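Open the model in your viewer and keep the selection tool at hand. The stops below say what to select and what is there.

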Amino acid sequence: MASSSDSFSTGQFMCCMPRQFMCFLHSFTKFLTAPTGRVFIRRVLAIRRYSLIFWAVMACFLASSTVMAEEADQPQGRLSENVERVVIDPGHGGEDIGVTGPAGLTESRLTLALARQLKIVLEDELGVRVFLTRTGDENPSLYERTALVNRVRGHIFISLHAGGAAQRTRSGFGVFFQDYSLQKGLANRVSLKRPAPGQPVEWALAQGPYLISSRRLAGEISQAMSDVLRVKSREVMGAPLVVLAGAARPAVLVEVGYLTNPEEERRLLSQAYRDAVIRALVQGIDSYQAWVSNRLQEGVG
Ligand SMILES: [Zn+2]
């Protein structure tokens, strides 16, 4: 489990060496244009034999650093790119089987089967690259699951689950996004502003700047599931979810149905219904992608 005291630097997770190099070039350009930098240039130029080499190096450097500085100035995780990398998290696994239906279908088995199928279809139909937080019957920690989307610089994170309730009549899918309002000590510290490059971000608050996008993603998936599955849906809901909190990317949790409801379990056992769930998820992601593209065209970050 991720504790709220864990913190990471967005730079540490999301910057690779070339980006650090760009930041260095950007800082060096600032230094050269500052008064101390101008004194440095005058001193180098005073040594005649170095002046030609100096100007040659400067010409190459300035030509490349203009482009690099622009990239280095991009706030981390900004919606500056279309959805190209998707991280799917099949909930539970290993000893933790999650909810079990009356006919024996376990949540861990169901989410893994759905995630594997979703990966194939997303890669085929939307041409995106898909990463799974687990590919077999193991149980990575919630921290490790979320860390994957930050590490691979994924564009969205979707955690797959099924619902369980004491009342067997409970049914329907649900889509959740992170909600800090119920978390004492966090609610008043959440920032919707994207951190500057390299600025450390507290793990539990990393989702803050992505709440609007996450909510949109949740809405698109919920709408698509309503359209395709034609089953009772719960509203898109906010909840304090550890697996979403540390994601410095748009992130949602989808409960595909209540396994404790015999009728829903029966449906979720059938491949035809699973195909429909996958179709709905793909449609939801595709609609979210369209929203991102529109925002990019309108210049909204
Ligand atoms: Zn679950």
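Start by selecting His92, which counts as buried because 23 other C-beta atoms lie within 10 Å. The scale used here calls a residue buried if 20 or more other C-beta atoms lie within 10 Å of its own, exposed if 12 or fewer, and partly exposed in between, with C-beta atoms placed from the backbone. His92 sits in the loop between strand E2 (85-90) and helix H5 (107-125). Helices (H or I, at least four residues) and strands (E, at least two) are DSSP runs, numbered from the N terminus. The phi of His92 is near 65°, a positive value in a residue other than glycine.

This is a predicted model, in which local features need pLDDT of at least 70 and side-chain atom pairs count only at pLDDT 80 or more, while totals for chains, interfaces and linings use all residues. For selections, residues are numbered from 1 along each chain as its sequence is written.

Next, select Arg230, in the loop between helix H7 (211-229) and strand E7 (237-239). Arg230 also is not a glycine, yet has a positive phi, about 50°. Is Arg230 buried or exposed? Arg230 is exposed, because 9 other C-beta atoms lie within 10 Å.

Move to Ala187, in the loop between strand E5 (174-178) and strand E6 (200-202). Ala187 counts as exposed because it has 12 C-beta neighbours inside 10 Å. Leaving out residues up to four places away in sequence, Ala187 touches Tyr180 and Ser181; a contact here means that two C-beta atoms, placed from the backbone, lie within 7 Å.

Now go to the largest nonpolar core, which has 56 residues; among its members, Val86, Leu114, Ile221, Val252, Val254, Val256 and Leu281 touch the most others. Such a core is a set of buried Ala, Val, Leu, Ile, Met, Phe, Trp, Tyr and Cys residues joined through C-beta atoms within 7 Å. Helix H10 (residues 271-298) supplies the largest share of this core, eight residues. Pick Ile221 and show Val175, Val252, Val254, Leu281 and Gly284, which it touches when residues up to four places away in sequence are not counted.

Finally, colour by pLDDT, the predictor's confidence in each residue, from 0 to 100. The protein chain has a mean of 80, with 72% of its residues at 70 or more. Residues 1-27 have pLDDT below 50, and this stretch has 51 contacts in the model beyond near neighbours in sequence. Residues 59-80 are also below 50, with 37 such contacts.
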